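Please examine the sequence and the model together.

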Amino acid sequence: MSREVSAFGPGRVNLIGEHTDYNDGLALPFAIGEGVCARATPLPGRRIEAVAADLDEHDSFAIDSHERADGWRAYVRGAVAELQAAGVELTGTRVEITGTVPQGSGLSSSAALEVAVALALMAAADAKPMDRLKLARLCSRVENEWVGAQTGLLDQLGSLFGERDQALRIDFRTLEVSPVPLELGGYRLVTLDSGEQHANAGSGYNERRRECAQACERLGIESLRDATLEQAEGLPDPLDRRVRHVLTSNARVEAAVAALAEHDLEQLGQLLDDEHASLRDDYEVSTQAVEAAVKRLKDTGALGARVVGGGFGGSVLGLLPPDAGPPEDAVEVRPGEGARVLR
Ligand code: GLA
């Protein structure tokens with residue numbers, strides 16, 4: 001029997017390890033307090049009515065239709081189709097969506113949306129809870145097959161596995177998720193919107209992914225996790241730089257885990273700066289607007305600042321010492337609980 005229920009999917013910030021997820025690498029994300037809420041109420045018949053309350057837009061389609069649509073509708077239609085394909089028997093539902101993560105801000109509004117909608121629809125249909133890794137993969141397929149962004153599992157795992165006060169060290173080769181205490185004392189992590197909307201589909205994201213695949217093909221390896229810096233040097237430009245970014249980024253994740261264990265936040269700040277330089281120069285996903293936001297954070301005394309998420313716009317993450325006052329439009333972020341059904 002269907003019933004009324006709400007679910008929350010948080011956005012995520014990735015402390016370090018960007019563009020490593022689809023290369024079987026390492027990352028260190030955490031779920032944030034901002035996210036997407038999906039409120040599901042039962043409807044007669046086999047239709048889904050979806051309402052994006054903040055945009056004042058709606059969508060309506062038959063559960064079994066498999067018809068495509070653009071924008072936020074693609075995520076909802078994709079979630080419904082992928083849940084059905086996974087054997088979840090959905091029931092007629094109205095889903096009202098509200099959010100506090102700005103779209104295109106690089107804080108994973110997309111995964112927050114997929115995860116919140118999927119959890120709400122499953123709960124409304126009284127379906128048995130799905131294994132969280134399986135759900136992360138399902139939501140990632142929504143992005144790959146329905147939205148057209150060849151993204152990895154970083155955002156979905158960050159949103160689904162988040163824990164209060166913990167970052168998550170994720171090994172994308174084994175899919176092992178290990179909580180890492182994020183104890184900042186009086187230091188603060190803030191995000192600053194560059195003002196430039198980022199979108200994974202349609203940006204250089206898919207091209208970067210292709211370049212990594214090309215590099216693997218040339219090196220005769222399955223994934224860049226198996227590459228070495230020496231091998232990278234032998235590749236033509238820009239493949240050499242792309243591989244160098246992925247390898248040094250994996251190493252920075254391990255260094256960040258060690259810095260956190262030693263409460264060495266100066267070192268963490270340095271690692272954020274190094275990651276940004278690598279994303280800007282080797283992976284080439286920065287823009288003028290992003291550089292301006294990085295500079296604004298550094299000018300207010302940030303120990304480190306870097307573009308976060310896919311890049312090509314979006315937000316910048318900064319680590320501020322206790323005495324630094326962030327720009328007025330910066331937002332403090334803290335590791336919070338993962339996605340959940342609210343009832
Ligand atoms: C986007 C994608 C993720 C990941 C990051 C870069 O957020 O959705 O899968 O690749 O970019 O680290």
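Helix H1 passes helix H3 in a right-handed crossing; a crossing is right-handed if the near helix is turned clockwise from the far one by less than a right angle, and left-handed if anticlockwise. Helices (H or I, at least four residues) and strands (E, at least two) are DSSP runs, numbered from the N terminus. This is a predicted model, in which local features need pLDDT of at least 70 and side-chain atom pairs count only at pLDDT 80 or more, while totals for chains, interfaces and linings use all residues. Residues are numbered from 1 along each chain as its sequence is written, and side-chain values use heavy atoms, with hydrogens and water left out.

Two packed helices are described by the angle between their axes and the distance between the axes. For H1 and H3 the angle is about 120° and the axes are 9 Å apart. Axes here are lines fitted to C-alpha atoms, for helices over the stretch in contact, with angles running from 0 to 180 degrees between N-to-C directions. H1 and H3 are therefore oblique to each other; angles under 35 degrees count as roughly parallel, over 145 as roughly antiparallel, 65 to 115 as roughly perpendicular and the rest as oblique. On the H1 side, the contact (heavy atoms within 4.5 Å) is made by Ala-74, Tyr-75, Arg-77, Gly-78, Ala-79, Ala-81, Glu-82 and Leu-83, and on the H3 side by Leu-138, Arg-141, Val-142, Glu-143, Glu-145, Trp-146 and Val-147. By class, the contact of H1 with H3 has nine nonpolar, one polar and five charged residues. Ala, Val, Leu, Ile, Met, Phe, Trp, Tyr, Cys and Pro count as nonpolar, Asp, Glu, Lys and Arg as charged, and the others, Gly among them, as polar.

How do H1 and H2 cross? Their axes come within 9 Å and cross at roughly 45°, and H1 passes H2 in a right-handed crossing. Trp-72, Tyr-75, Val-76, Ala-79, Val-80 and Leu-83 of H1 meet Ser-110, Leu-113, Glu-114, Val-117, Ala-118, Leu-121 and Met-122 of H2. The residues of this contact of H1 with H2 divide into eleven nonpolar, one polar and one charged.

H1 itself covers residues 71-85 and reaches 22 Å from its first C-alpha to its last, close to the 21 Å expected at 1.5 Å a residue; the expected span is 1.5 Å times one less than the number of residues. Eleven of the 15 residues of H1 are buried, so H1 is largely enclosed by the rest of the structure. Buried means under 20% relative accessible area, exposed over 50%, and partly exposed in between (1.4 Å probe, protein chains only). The cover over the buried residues of H1 includes strands E4 (47-52), E5 (57-62) and E6 (93-99), as well as helices H2 (109-124) and H3 (132-147). Gly-87, which follows H1, has a positive phi near 90°.

Two single positions complete the account. Leu-224 lies in the loop between helix H5 (205-219) and helix H6 (229-233), and is buried, with a relative accessible area of 0%. Beyond its neighbours within four places in sequence, Leu-224 is in contact with Asn-23, Cys-212, Ala-215, Cys-216, Val-243, Val-246 and Leu-247. Val-316 lies in strand E11 (residues 315-320) and counts as buried at 0% relative accessibility. The C-alpha atoms of Val-316 and Ala-293 are separated by 6.6 Å, although 23 residues lie apart along the chain.
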